[in-house]
Amino acid sequence: MLISGASVAGPALAYWLARYGYRPTVIELAPALRGGGFAVDFRGSAHLTVLERMGVLDKIKQRRTGGSPMTFIDDQGRQLAAMPAEFAAGEVEILRSELSRILYAHSRPTPEGATGDPGAPEATSKPDTSATSGTTAYLFGDSIRSLTETADGVHVTFERGAPRTFDLVIGADGLHSTVRRLAFGPEEEFVSHLGYYVAGWDLPPGAAPDLAARPVGYGEPGRLATVGRVPRRAGEPGYRGETFCVFASEGLSYDRRDPRSQKEAILQAYKGAGWRTPELIETVRDADELYFDAISRVDVPSWSTGRIALLGDAAYGATVGGMGTGSAIVGAYVLAGELAAANGDHRQAFTRYEQKLRPYVTQCQEGGRGTGEFLAPATQEAMDARNAVLNDPAALTAMLGQAHEISANITLDDYAHPSSTSTHPTAPAGARTGRSQARP
Ligand SMILES: Cc1cc2nc3c(=O)[nH]c(=O)nc-3n(C[C@H](O)[C@H](O)[C@H](O)COP(=O)(O)OP(=O)(O)OC[C@H]3O[C@@H](n4cnc5c(N)ncnc54)[C@H](O)[C@@H]3O)c2cc1C
């Protein structure tokens with residue numbers, strides 16, 4: 001089985017597939033696991049249950065950022081409203097890059113059963129020969145060029161590697177998925193722009209240390225710039241500063257593979273902004289890793305076509321505020337579980353995966369719809385109304401409670417221990433295999 005994308009959904013799926021005896025291959029466009037991106041969070045019992053069943057919850061907790069309260073200020077630095085840490089950070093918040101490294105390491109168990117070192121991802125375009133049979137091979141620095149479905153497989157050509165045939169192909173390659181484009185249609189058919197852009201990058205060492213010590217956000221109608229601090233990467237002591245920006249804009253035309261073009265778009269968007277925004281935004285020029293994307297929503301009428309299926313942001317992305325990371329983890333769990341339960345019948349597995357997951361992620365996605373407007377309201381009146389909500393503990397508690405309810409609203413079958421579940425409909429006991437039965 002081929003999985004495209006090694007960020008969150010891809011390695012999580014690979015982990016479960018390897019556990020059920022498959023030997024997936026994961027292909028990643030970037031030359032190594034991607035760094036960058038600010039914090040992502042998990043909230044609600046479904047996210048935590050899946051992470052616990054994967055055996056990564058403790059590792060993730062060890063690397064949690066702890067979240068930080070955010071103070072919204074005016075142009076004189078005076079407090080207007082405060083956003084409590086748990087509002088932005090859920091139950092567990094972790095840097096996306098750290099999460100990706102943990103999942104990657106966990107999807108490649110060593111022969112002894114220990115997991116690899118999350119601090120040492122490999123950058124190679126060759127198959128990973130250190131993984132034992134029954135586990136996962138990672139191919140970095142390559143991308144699928146074409147997909148041709150045949151009676152018993154999918155013939156895949158690559159930008160760099162030699163063509164191969166796989167039984168199934170899963171697109172876990174994000175909002176701008178190549179698998180979706182090749183197998184389902186052009187991006188414009190499935191991705192709607194929700195009127196805002198989001199950007200995040202680390203502050204260069206020494207930049208605005210006074211600001212980074214006290215997380216603050218400065219907003220003007222239609223644009224927000226925040227600065228905060230997050231723990232350094234594994235093995236590095238202390239904290240580093242980071243920015244997180246949200247601005248309203250029609251769809252922009254820029255080269256997604258060219259950071260200079262993205263930096264220019266950000267600099268333009270904050271021209272003439274007050275407070276110390278120019279000083280902060282200027283630091284983007286020196287940013288090594290930049291996260292920049294439109295706040296969008298992905299709606300694909302059917303997540304599978306023949307032997308090809310979509311997972312995570314590629315299928316049901318919501319960029320920010322739609323619990324995309326938790327939904328990717330839960331989706332990987334359900335997809336792998338249904339594949340194992342269907343015992344080779346991918347049609348049945350894909351159908352059940354979608355039936356079980358779609359109502360859940362659709363609700364989660366809804367949260368993303370108002371995120372841009374909440375963070376960077378378009379008018380002064382709307383900003384005042386947002387601040388009033390933030391300053392009202394009862395309103396905040398209600399909003400948090402609603403998010404928790406939505407993110408818990410799925411029944412998770414215990415695929416790895418089928419006898420302990422009463423909710424799984426029909427799969428025969430022998431359909432779920434352990435590690436010993438390797439499947440390609
Ligand atoms: C660099 C980066 C930074 C991010 N930062 C944040 C953040 O700060 N906050 C937040 O809420 N969300 C962030 N996200 C999005 C967040 O990770 C996802 O919304 C969520 O975790 C779902 O993950 P996913 O694995 O489905 O998709 P993604 O995390 O988007 O991962 C998709 C992966 O597929 C790879 N890929 C893309 N095209 C191809 C191709 N043609 N062939 C092979 N591989 C391909 C990408 O390089 C990436 O590794 C970021 C994503 C990325 C890639």
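**View 1. Strand E12 is largely enclosed by the rest of the structure.** In this predicted model, nine of the 12 residues of E12, which covers residues 191-202, are buried, so the strand is largely enclosed. A residue is called buried here if 20 or more other C-beta atoms lie within 10 Å of its own. E12 pairs with strand E16 (residues 290-298) in the antiparallel sense, through nine bridges. Within this pairing, glycine 200 has tyrosine 291 of E16 as its bridge partner. E12 also pairs with strand E15 (residues 239-248); seven bridges join these two strands, and they too are antiparallel. Here aspartate 202 is bridged to glutamate 242 in E15.

**View 2. Strands E8, E9 and E10 form an open sheet.** The three strands lie in the order E8-E9-E10, and their pairing is antiparallel. E8 (144-150) and E10 (164-166) are the edge strands, each of which pairs on one side only. From one strand to the next, the twist averages 30°. Between E8 and E9 (residues 153-158) there are six bridges.

**View 3. Helix H1 packs against helix H11.** Two packed helices are described by the angle between their axes and by the distance between the axes. For H1 (residues 9-19) and H11 (residues 324-341), the angle is about 30° and the axes are 8 Å apart. Their crossing is right-handed. On the H1 side, the residues in contact are Ala9, Ala12, Leu13, Trp16 and Leu17. They meet residues of H11 including Ala328, Ile329, Tyr333 and Leu335, as well as Gly331 and Gly337. Sorted by class, the contact between H1 and H11 has 11 nonpolar residues, two polar residues and no charged residues.

**View 4. Two stretches of the model have pLDDT under 50.** One of them is residues 111-133, for which the model has 38 contacts beyond four places in sequence. The other is residues 421-438, with 32 contacts beyond four places in sequence. Where pLDDT is low, the predicted coordinates should not be read in detail. For the protein as a whole, pLDDT averages 84, and 85% of the residues score at least 70. The model has an ipTM of 0.95 and a pTM of 0.88.

Technical notes:
Residues are numbered from 1 along each chain as its sequence is written. This is a predicted model: local features need pLDDT of at least 70, side-chain atom pairs count only at pLDDT 80 or more; totals for chains, interfaces and linings use all residues. Two strands pair if DSSP finds at least two bridges between them. Helices (H or I, at least four residues) and strands (E, at least two) are DSSP runs, numbered from the N terminus. Axes are lines fitted to C-alpha atoms, for helices over the stretch in contact, and angles run from 0 to 180 degrees between N-to-C directions. pLDDT is the predictor's confidence in each residue, from 0 to 100. Two residues are in contact if their C-beta atoms, placed from the backbone, lie within 7 Å. A crossing is left-handed if the near helix is turned anticlockwise from the far one by less than a right angle, and right-handed if clockwise. Ala, Val, Leu, Ile, Met, Phe, Trp, Tyr, Cys and Pro count as nonpolar, Asp, Glu, Lys and Arg as charged, and the others, Gly among them, as polar.
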